[in-house]
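Try each task before you read its solution.

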Amino acid sequence: MSSRDAIALGIQVSGVALAPLLVGGVQSVKARLQGRRGSGPLQPYRELRRLWRRSAVDPLGAGPVYRAAPLLVGAALALCLLVVPVAAYGTDLPAGHDILVVAGLLALARVAMALSAWDTGGAFGLMGASRDLTFAVLGEALLVMVALVAALPADTTDLQAMWSASAGGAIWTEPAHWCGALAMGLVVLLETGRQPIDNPDTHLELTMIHEGPLLEYAGRDLAILQWAAAARHWVVLVLAAGLFLPHPHSFAPAIAALALGVAALVIALGVVETWQAKMRLLRVPPILLAGTAVALLGLVSWVAGGGL
Amino acid sequence: MSTWLIWLLVASGFGAVAARRPAVAAVLVTSQTLLLGAGTLAMAPGRSPEFAVAAGLLMLKAALVTVIVAVAISRSREARPHEGESGLLNRLGAAVALVLVFVGLVPSYGLESVAAENGAAALLATGLALALVRRPTIFAVLAFLIAENGIAVAAVSVSGALPLVVELGIAFDLVLLIAVAAVFQSRILAAFGTTDTSALRGTRG
Amino acid sequence: MTDALAILLCTGVAVLAVGAALAARRPALAPALAAQAAGLLLVGIAGGISLLDGLSAGSGFTSDLQPAVGVDPLSGFFLLMIGVVGVPAAVYATGYLGATSHPRALAVLTGCFPLALVGVVTARDATLFLASWELMTLIPAAAILISHGGGAARRAVFEYLAITHLGGVGVWVAVLMLAERGALGDPAGLAAAGTGVQTLVAVAGLIGFGTKAGLVPLHSWLPRVHPLAPSNISAVMSGVMVKVAIYGIVRLLFEWVGGPALWVGLVVLGLGALSALAGILYALFQRDLKRLLAFSTIENVGIATLALGAAAVFTARGEESWAALALAAALLHCLGHAAAKALLFLAAGSIERGAGGLDLDRMGGLLRRMPRTGAGLVVGALAIAGVPVLSGFASEWTALQSLLGLGRQDAIAPALAGGLGAAILATTVGLGAICFVKVIGLALLGAPRVPAAAGAVEVPRAMWAPVAALGAACAALGLVPGLLVPSLAALAPGGADLAPGAGIAAPGTSLPTLGIALALAAGTAALLVARGRRAAAPAPVWACGQAIEPPLAWTSAAFTKPVRLTLWELLRAESDVRAVTQDGVLREVRHRGGVPHLFDTMLYAPVLRAALAGAAGARRLQSGSLRLYVGYLVGLVVLLLLLARVGALG
């Protein structure tokens, strides 16, 4: 393994520890924009430490699915961290680096949470799970279309190849790439569960979407699930910065560009959350469909233009 | 078969179509059949023995047909003719039209004389026309007989002589007769619960 | 080696036939069904050998009308599928058929059905193919009529036979035209006949095979008939019978027609996409478990056809390696779905026995009461939903890869088709996740909703062991699909040289299934260790302080409500809310809702009405009047004479 591969792998593994920082960053930006001082970007780590020390909960009637779900979600998201590369380097182990594998692992996490909601039988959990899965119907289509648009210059869905193909400035002359960037923005909002699609800070159970199944968890289970939400931030933000933000070819500047890009996206997320109110539930699928159509438009423009 | 015999046969067929009362039509058809049998017998000398047998069978059939039709007519006398029967001119017109169409369209198929071909086709057409324009069921039987006569004319006029067709026709008649009798038997049984003819005597009304 | 293959196959078929015959005579069914299982095992092994080693035996396709039988790798794959599904179904029948009304007759049919399927797949001439095809259609109808006597079953069977025969005319037309032109055994045969004949054969074959496969819009028989058949027979119907129709489409497009035209491939792709979407949408809203599974079969057949369409488009464009990948995706999906759907139908039969019904809203908590069947159901449902790392994920990944490859082509029509196809496939997978999460949740998790579910009893081993075996098959197909994919890719015209491994390789990327599975297992174990001893306090489920009562339990309609609301206009869903007040006080609120099967109301009902009106009009020809009939006769004779005169009759 070359040194670059080792460094890239090291950054990927450090994502396990760095992911909550992204959530904290978004919270800090929101606090500043709302005129508050905020708790700082390290607050999610304090949350995780606090939760780790507490005891868990056994809802009456819950079975093994409820107890196993957080483990499965954590494992799936941790594997995603290893699949999403930070540069055109890294390792093939253990799960390769194909974007459709990322989509599948995220789906696994979603299904596990929905099954845990059924196991407890709690109405709020089921309501949230059903809404989450409904958004995921078009969300998966959107993600696949983004994968297609990003795969056009690379001629493969391998993430490292897609990373290399989107480096440099030439790709930004293609309208397809701009369409893909727009659709990727929607994917980021959907997967991180941020406004206007979902409100991660809500305490009203009737408005919860991905928070619903989390209601029944406490202690270390809840810590794992909150870390998984942070890991989702890492996955989609690194993907967005690596595929749809400008970055150079060479290794060290690329890592720096990635860090800058992720930071920019964190600030953008904070701005969007402050600026937008939560959208009505039934309006979200048409927006996702519009995003898919934009990506399709990008595909058409690429083919009609004959590619790069 | 001589031309004037064939014309007689066709004329009797037209007469059956024109006749208003079933009895008259029956007489015409039976005389047609007898005439055909006599004509065939007259042709028999100088032909093969099978031909003579066929001619004899035709005569026999003509006799039987006379008896059966007479019995049928006497048993099924209806008081009034059916309403709405087409007028005389309509019936004759339809029969003549159908005969002309058939005679015009049928191609030559190798009989002794053109007259025989046309005669056979005309008799067939007359039979079909009779079935079309008359409503009482006895006329269906008469129509069938006329058509069969036409086929017999064709059979005996073939150059190579196909008397077998005559025998086949008679066999077919027998089968039909037995089938119809069987059907009547079952219908009577279903309607009255018995086929004892002595018990059925009382149903005559 | 080919001799050994032929002997193995013949032995298997003979043992299967003996098993079917034994069931008619011996009073005990177990030996006969065991013989059937053994025969099917041999048939499956023979098929596997033929596929993996690329062997052929017997004769090739012939256009003579003499019965001819043969095996080649494609037939071998479907023989393997028959074995994979048939053996557990036969073992299951040992425990299941005893409680049905006519066990012996059903056991005979259980044996004859795979025989007919083997016949279709190994037939090498038109007569044997069509005869087996008809037999394959009629045996399930007989099974349904034997096991249910009522009017509803008769009506469903009538509709099944009517639709499959009306559509199946296409199969007859296609196969007989091919035989007439001598194109059945000759690859270049149809190309000489011109594009008109090629188009006719392709369209007729697609309609015929598509009806039997359950492609929309000719799918209406599937959800009527699959729920009625006995569970072991519906497992084979859903698992293998519809896939044999896919076999027909593969033969038609890639062998008999010669290379398919581009528009044919696009049409197949479109039909597949439509079937996948419509199937899963209607499956989502079903409350009856078996009807839900039947609609899901339509969805999965649609996915396989989608991949087949991609393969056809690639073949038309000359991209042979991509075509091979797409064909491998379609066939892998067929096998994975066969195993998973058979598992689900068998488990549904067990649940019907154990919990007394198939209404999803009247189950609950069965995972505790029927743990083995429940665990099998979980594996099967997750496999169909396309969750990593089970069979559905592997085949759907490969299908998505081929569609994304199609989207990267440099012509606009294939690229657009690939992009839309990929989006629709992803949407279907998302909907499938909702559907099968609902099934698992309602049936197995939570608290029992009715006393029958609370008192459910696990079924005997003969009934849960096949379910467990099929679950292991789904897991195996998900973990090491790379053992099969190279052989499947080699089936495409032009072949492909893929190296066998554990995972699947696509141009430029790969799917390391074993690595993903091991990593997930390691991650879960690590988190389990890190979580440590789970100090948990019992607490009631949070419902804003209310006590959780049975009326508060979430139902099937509730879980699918967001989808129903989002697609309200598209589905023409119905909702009727009525408040019952007495003396000014609200007593009751009644809600009735549903999603009507639009194809029935908008497509089949008008066609049926038109047909009945036409028949009523035609009945006026049968007036009963002798004179009218003589008139018909006269007219016909005159017409024939005229035609003879004109010379139109030769």
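A crossing is called left-handed if the near helix is turned anticlockwise from the far one by less than a right angle, and right-handed if clockwise. We're working with a predicted model, where local features need pLDDT of at least 70, side-chain atom pairs count only at pLDDT 80 or more, and totals for chains, interfaces and linings use all residues. Residues are numbered from 1 along each chain as its sequence is written, and chains are lettered from A in the order in which they are written.

**Exercise 1.** Describe how H10 and H11 of chain C pack.

*Step 1.* Find H10 (residues 262-284) and H11 (residues 289-317) in chain C; their axes are 7 Å apart, at an angle of about 160°.
*Step 2.* That angle makes H10(C) roughly antiparallel to H11(C) (the term applies over 145 degrees).
*Step 3.* Check the hand: H10(C) and H11(C) cross in a left-handed way.
*Step 4.* Sort the contact residues of H10(C) with H11(C): 19 are nonpolar, 8 polar and 2 charged. Here Ala, Val, Leu, Ile, Met, Phe, Trp, Tyr, Cys and Pro count as nonpolar, Asp, Glu, Lys and Arg as charged, and the others, Gly among them, as polar.

**Exercise 2.** Which helices each supply at least two residues to the lining of the largest cavity?

*Step 1.* A cavity is a set of points on a 1 Å grid where a 1.4 Å probe fits but cannot get out, and lining residues have an atom within 4 Å of a point.
*Step 2.* The largest cavity holds about 150 Å³ of space.
*Step 3.* Its 13 lining residues include A:Gly104 and C:Phe393.
*Step 4.* The helices are H4 (99-120) and H5 (123-154) of chain A, plus H15 (391-407) and H16 (412-444) of chain C.

Definitions and conventions: Side-chain values use heavy atoms; hydrogens and water are left out. Axes are lines fitted to C-alpha atoms, for helices over the stretch in contact, and angles run from 0 to 180 degrees between N-to-C directions. Helices (H or I, at least four residues) and strands (E, at least two) are DSSP runs, numbered from the N terminus. Angles under 35 degrees count as roughly parallel, over 145 as roughly antiparallel, 65 to 115 as roughly perpendicular and the rest as oblique. On a 1 Å grid over the protein atoms alone, a cavity is a set of points where a 1.4 Å probe fits but cannot get out, and a pocket is an open set with protein on both sides within 12 Å along at least five of seven lines; lining residues have an atom within 4 Å of a point. Grid points are joined across faces, edges and corners, and a volume is the space filled by probe spheres set on the points.
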